[in-house]
Amino acid sequence: MGKPVDSSTQQHESLTVRDNRTGKAFTIPIRDNSIQATAFKDIKASLAPNERPENETDKGLRLADKGYLNTAVIRSEITYINGEAGGARGYPIEQLAEHSNYLETAYLLIYGSLPSGEQSRTFEQEVLNHGVMHADAAQFFRSFRYDAHPMAILTSAFAYLGSYYSEANPSLQGQTLFTKGDKLSLATMDQQIYRLIGKATTMAAMAYRVRQGRDFVIPPKGLSYTGSFLYMMDHLGESDYAPNPVLEKALDVLFLLHADHELNASTTTVLQTGSSLVDPFSAIAAACASLYHFFTTGGANEAVIRMLISIGKPENVPAFIEAVKKREKVLSGFGHRTGKDKLLETAMALHAAAMKDDYFIQRKLAPNVDFCGLIYRAMGFPLDFFPVLFAVPRVVGWLAHWRQMMLQDGGVKIWRPRQIYVGSGKREYVAIEEREEVEGLRKSPTPMVHSG
C-alpha cells in the first residue's frame, strides 16, 4: 500500500506521487515494473466545492482504464508476446513449431514443462480417450438448423457439456473444488482438462457435419489428435479411409501456433468468468463466444479471406491501403506464405505494400497468424468454419490460464472492476402523468414493424 512520505523522500524501485489537493506525497513500491492499483486507495481527499458525492473522494483514488489498456490483472508464467516474438513457458514458438507437436505443447502450457516420455504418453492417451461424446449429444447437435453458424453450435456445446459432470461443478461440490491444490482436487481438475481438450475436436467435427447433413463419427483409435479430427469430419463410411498426412501435419502446426496468445479478449473472458468459481465448461463456453465475436481475434482469420475477396486483385491493393490509412477500411491481420491459391497473389501484394509503408511500420502492424485462413482455405475448409479452427486449439491456452488462476498463491478473488458513476444524482420519482417525454435516438426504444 502507498504510504505518506516527506516530499524530500526518494526510494529506489518506487513511485512518489503528490496529491496537489492535499499537499501529501505517497510512495508506492514498484515490482516487475508495475504498481498495485489498490495503493491509490490510500490517496484520499475531502470533497471539493460543488464536487459530486458519487466521486467518493474519501475512499481514495480510482484508476480509470477503459478496456484494460494498461492494467495487469494477473501474474502469469505461461506466455510472453512482445509483438515481434513470442514463446510458451520460455520456449520460442518457432522452435516448438519445428520440433514439438500440438499435444506436447499443450502439456507445456498447462503444466509448465516439457513432458518426459511417460508423461507425454499418459497425457496424450487421456486426451484421446476422453474424445467420445455421450450418445444423447447427437440429439443436441441435431437441434440446430442446417445453416446455423458452427461457432454458435460449438459455443453452445461447451456449455451443454458441463451438464453431464456434476462432480466438476463448484456450485454443487463446494467453491474450493479446484482451488485446494491437493491430490484429489488436482485429479478432478485434470479430468476436466482431458475432457475439454479431447471433446473439443469431436464437438467441432459434429458442428461441421450438421452443416453437411452427415451422420456423426465416433473418434477413431490409433490416430493423432489432428488426424482424429480430420477423420471425424471427412469419414463417409470408407473401410480404408485415412486423413491426408500432409494436412494432418499442417493442422497440427497451426493448432500449436494458435494454442495461446497471452491475455487476449477470450482468455481474459475465461479468467473473468472463472474468477466467480463456475465450472470450467461454462468458462470455456464464455471464452468461445468472446473469441468469435471479438473481431480482431477469433473472427479475424475468416475476416482476412473476406477482406482479400473484397480487394479482388493485386492492382487494387494500393487503393485499399490508402483507404485503410484514412480509416475508411479495416486491415485484417496478415502474413504467412502457403501453397498456391487464387487469393495468394493479392495477399502477398497486400503484405508487401503494408511492410513498405511508414503508416504501418510506425504502428508496428506486422504480419500475424490470422493469415492462416489462406491455409485453411487451401485445405478445403468452409469459410465460416475458420473461427472453429481457431477455437479448438485455443481451448488449451484457456485451460492453462484457468488452471494457473485456480492454483495461484492467495487463492482466487472475483474480478469486479470499479466504475466511475457520471449519471444523475439523487432525484425524486415523478408520476407518469406528470412526466415530460425525453426524446432522442438513444433516449427511447425503437418500435418494430411486425409482419403478423
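**Charges, rings and a buried helix**

The charged end of Arg195 is placed over the ring of Tyr165, at 3.6 Å from the ring centre; a charge counts as sitting over a ring if NZ of Lys or CZ of Arg is within 6 Å of the ring centre and within 35 degrees of the ring normal. The model is predicted, so local features need pLDDT of at least 70 and side-chain atom pairs count only at pLDDT 80 or more, whereas totals for chains, interfaces and linings use all residues. Residues are numbered from 1 along each chain as its sequence is written, and side-chain values use heavy atoms, with hydrogens and water left out.

Rings of Phe, Tyr and Trp (its six-membered ring) pair if their centres lie within 6.5 Å, with planes under 30 degrees apart called stacked, over 60 edge-to-face and the rest tilted. By this rule there are 21 aromatic pairs. One of them joins Phe140 and Phe141, whose centres are 5.4 Å apart and whose planes stand at 90°, an edge-to-face arrangement. Both Phe140 and Phe141 are buried, where buried means under 20% relative accessible area, exposed over 50% and partly exposed in between (1.4 Å probe, protein chains only). The rings of Tyr164 and Tyr165 have centres 6.3 Å apart and planes at 50°, and the pair is therefore tilted. Tyr165 is buried because its relative accessibility is 14%, while Tyr164, at 28%, is partly exposed.

Ring pairs link Phe140, Phe141, Phe144, Tyr160, Tyr164, Tyr165, Phe216 and Phe281 into a cluster. Phe216 in turn has Arg142 over its face, at 4.2 Å from the ring centre.

Ile193 belongs to helix 7 (residues 183-212); helices (H or I, at least four residues) and strands (E, at least two) are DSSP runs, numbered from the N terminus. Ile193 counts as buried because its relative accessibility is 0%. Leaving aside residues up to four places away in sequence, Ile193 touches Ile110, Tyr111, Leu399 and Arg403, contact being heavy atoms within 4.5 Å.

Helix 7 is also one of the elements covering the buried residues of helix 8, and the cover includes helix 2 (102-111), helix 3, helix 9 (245-258) and helix 17 as well. Helix 8 (residues 225-234) has nine of its 10 residues buried and so is largely enclosed by the rest of the structure. The buried residues of helix 8 are Tyr225, Thr226, Gly227, Ser228, Phe229, Leu230, Tyr231, Met232 and Met233.

Side chains of opposite charge can pair when their charged atoms come close. With a salt bridge taken as a side-chain nitrogen of Lys or Arg within 4 Å of a carboxyl oxygen of Asp or Glu, the structure holds 10 salt bridges. In helix 3 (residues 117-129), Glu118 and Arg121 lie three residues apart, about one turn of the helix. An α-helix has 3.6 residues a turn, so residues three or four places apart point the same way. The side chains of Glu118 and Arg121 form a salt bridge at 3.2 Å, N to O. Arg121 is exposed, at a relative accessible area of 53%.

Glu56 and Arg418 are joined by a salt bridge whose closest N and O atoms are 3.0 Å apart. This pair spans 362 residues, from the loop between strand 3 and strand 4, which holds Glu56, to the segment after helix 17 (386-406), which holds Arg418. Glu56 is partly exposed at 25% relative accessibility, whereas Arg418 is exposed at 53%. A further salt bridge connects Arg75 and Asp32 at 2.6 Å, N to O. Arg75 and Asp32 are 43 residues apart, and both lie in the loop between strand 3 (24-29) and strand 4 (79-81). Asp32 is exposed, with 57% relative accessibility.

Three strands form an open antiparallel sheet in the order 4-5-6, two strands being paired if DSSP finds at least two bridges between them. Strand 4 and strand 6 (91-92) are at the edges with a single partner strand each, so one side of each has no neighbour in the sheet. Strand 4 is joined to strand 5 (residues 86-88) by three bridges, and the two run antiparallel. Ile81 stands opposite Gly86 in strand 5.
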